[in-house]
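Reader: Hi! I'm new to looking at protein structures. Could you walk me through this one?

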Amino acid sequence: MKIVFAGTPRFAASALEALLAAQSRAGFEIIGAYTQPDRPAQRGQKLTPSAVKTLAVNANIPVFQPQTLRDPHAQAELAALKPDLIIV
C-alpha cells in the first residue's frame with residue numbers, strides 16, 4: 001500500500017514518526033509528504049522547515065510544499081503519485 005502523509009505542526013511529525021516506525025513490519029510505503037512551505041522564524045526571520053519536512057527529508061521521503069492544495073498543479077502532482085491512502 002502506498003501512503004502520502006500531509007501535515008505541518010510538531011504533533012503531525014509525531015504521527016509521521018509512528019508511521020515510519022511501523023512501515024517495514026506493516027507492509028506499506030510512505031511515498032510522499034506534503035507540508036506547508038518553509039516560513040520565516042525567530043529573530044533573523046530565517047526560513048525554517050516544518051517538523052514534518054525535517055523528518056521526511058531525514059527519512060528520504062519526497063517532500064512537496066505547495067502554497068495550497070487547491071492549486072490544479074498541486075492536485076495533479078498528488079494524483080500522479082497514485083497513493084492508495086492519504087493521511088492528513
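Author: Happy to; we can start with the overall layout and then turn to one pair of side chains. Keep in mind that this is a predicted model.

Reader: Great! How many helices and strands does the protein chain have?

Author: The protein chain has 3 helices and 6 strands. Reading from the N terminus, the order is β-α-β-β-β-α-β-α-β.

Reader: And what does it span along its principal axes?

Author: The C-alpha trace covers about 45 × 30 × 20 Å.

Reader: How many of the residues count as buried?

Author: Of the 88 residues, 33% count as buried. The accessible surface is about 5800 Å², and 55% of that belongs to carbon and sulfur atoms.

Reader: Switching topic: how many salt bridges are there?

Author: There is 1 salt bridge in the structure. It joins the side chains of Lys 53 and Asp 38, at 3.1 Å from N to O. The pair links distant parts of the chain, 15 residues apart: Lys 53 sits in helix H2, while Asp 38 lies in the loop between strand E2 and strand E3.

Reader: What about Asp 38, how accessible is that?

Author: Asp 38 has 25% relative accessibility, so Asp 38 counts as partly exposed.

Conventions
Residues numbered from 1 in each chain as written. Predicted model: local features only at pLDDT ≥ 70, side-chain atom pairs only at ≥ 80, totals over all residues. Heavy atoms only, no water. Salt bridge = Lys/Arg side-chain N within 4 Å of Asp/Glu carboxyl O. Helix = DSSP H or I, 4+ residues; strand = E, 2+ residues; numbered from the N terminus. Buried < 20%, exposed > 50% of the residue type's maximum accessible area, 1.4 Å probe, protein only. Areas by Shrake-Rupley, 256 points an atom, 1.4 Å probe, with all protein chains shown as cover.
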